[in-house]
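Reader: Before I set anything up from this model, I would like to go through it with you step by step. Could you show it to me first?

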Amino acid sequence: MADHRLARQAVVVASLPADCDALLVSHLPNIRWLTGFTGSAALLLVARDRRALITDFRYAAQAPGEVGGVADVVIDRANVWDRLRRLLEASGLTTLAIESHVMAVRDAERIGALFRGRVIPLADVVEQLRQVKDDTEVAAIRAAAELAAEALAEVLPTVTAGERELDVAARLESALRRRGSEWHPFPTIVASGPRAALPHARSSARNIVRGELLLIDYGAQVDGYCADVTRTVAVGSADERQRAVYDVVREAQARAREGIRAGMTGREADALARDLIACRGYGDAFGHSLGHGLGLEVHEAPRLAATVDTVLPIGAVVTVEPGIYLSGWGGVRLEDDVWLGPGGPALLSDGRTDLIILDA
Ligand code: ZN
Ligand code: ZN
């Protein structure tokens, strides 16, 4: 059976414009997806008849093992750019595409100077393909989400009023690591009381107060694939307004995660939650988009947003994360991870969004 990485490389080649001989892949998640290489520095040349991964001596032992036979591994001890120049000269290419959405201007200038042919800026070629996950990728995201749920279940009963947000974040990150999470895909957010009104708050030294809402947004990573989950819980008790806002978000999130389908546009998916929140009078308080793709990166294509008119492909994995944020009061966000399979949406995270009131 053909290696899935070889199949992916073949699709990249088939996606190139007719007048383009090769793509120079510089974005590391794209390199990983195409070759299995997990190091922190490399260039991958995907030409019609040749695949070459150029990296440095730090990866001399690691790269051949990870890449296997799916690309030639070229180790350069001195200068990878000079090695690229020689490789391009030897290959006889006349046009070379670069990843214009990620390559630094300085590196693009280097390539312009070392390559005699034409350089074509191309954006998102590999990212477009990465939207569609195969079974192995979906299984890795599901495993990361399961691990994330177990870690939170361990930590929530230990939360006490009076401790700092950072203390909760530290215990959660420890629990994630002990369960095998390779990395925190983004800094864990533990935001209490009024700080929960900041959608991307960092965990702070603020002490958690009984009677407040506590928003926890965190991730886990398995085999390179990310899960991204948000839960909002009440500390000790929940008053009428907290319950009312929570219920609107919960209803909107359920509507979106059950109603979302491949074939919808990003705008249509976003509207599933946004229309309901607006209808309940909180339209101005939901200021971000509904969700984003999830995979080797924690934010990747496709996006679920009112500005997106492209269609969600079958096989994408996306987050569904509506929220209501009221300045000075606090906020509620609920986020789950959903696979857009051919038969409809399937939850990869546990989807447990009943309001938890901590005995704290
Ligand atoms: Zn999140
Ligand atoms: Zn997210």
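Reader: Which residue coordinates both the zinc ion (ligand 1) and the zinc ion (ligand 2)?

Author: Bear in mind that this is a predicted model. The zinc ion (ligand 1) and the zinc ion (ligand 2) are placed 3.1 Å apart, and the residue that coordinates both is aspartate 228.

Reader: In which strands do aspartate 217 and aspartate 228 lie?

Author: The two residues are 11 apart in sequence, so the pair ties together parts of the chain with that separation, aspartate 217 being in strand β8 (residues 213–222) and aspartate 228 in strand β9 (residues 225–235). Both aspartate 217 and aspartate 228 are buried. The strands asked for are therefore β8 and β9.

Reader: What arrangement do the 4 donor atoms around the zinc ion (ligand 1) make?

Author: The protein donors are Asp217 (OD), Asp217 (OD), Asp228 (OD) and Glu335 (OE), at 2.0 to 2.6 Å from the zinc ion (ligand 1). A tetrahedral label would require all angles to lie between 85 and 135 degrees. Because the 4 donor atoms subtend angles of 54 to 148°, the arrangement is irregular.

Reader: Is cysteine 279 buried or exposed?

Author: Burial is assigned under 20% relative accessible area and exposure over 50%. Cysteine 20, at 0% relative accessibility, therefore counts as buried. Cysteine 279 has a relative accessible area of 62%, so this residue is exposed.

Reader: How many of the residues of strand β3 (residues 51–56) are buried?

Author: In a regular strand the side chains alternate between the two faces of the sheet. In β3, Arg51, Leu53 and Thr55 point one way while Ala52, Ile54 and Asp56 point the other way, and all are buried. Strand β3 is therefore largely enclosed by the rest of the structure, the count of buried residues being 6 of the 6.

Reader: In which sense do β3 and strand β4 (residues 72–76) pair, parallel or antiparallel?

Author: On β2 (residues 43–47), the pairing with β3 is antiparallel over 4 bridges, and a hairpin of 3 residues joins β2 to β3. With β4, however, β3 belongs to a right-handed β-α-β unit that includes helix α3 (residues 62–67). Leucine 53 stands opposite valine 73 in β4, and the two strands pair over 5 bridges in a sense that is parallel.

Methods. Residues numbered from 1 in each chain as written. Chains lettered and ligands numbered in written order. Predicted model: local features only at pLDDT ≥ 70, side-chain atom pairs only at ≥ 80, totals over all residues. Heavy atoms only, no water. Donors = N, O, S within 2.8 Å, 3.2 Å for Na, K, Ca; no water. Tetrahedral: all angles 85-135°; square planar, octahedral: opposite > 155°, others 65-115°. Buried < 20%, exposed > 50% of the residue type's maximum accessible area, 1.4 Å probe, protein only. Pairing = 2+ DSSP bridges. Right-handed = clockwise from strand over helix to strand, strands pointing away.
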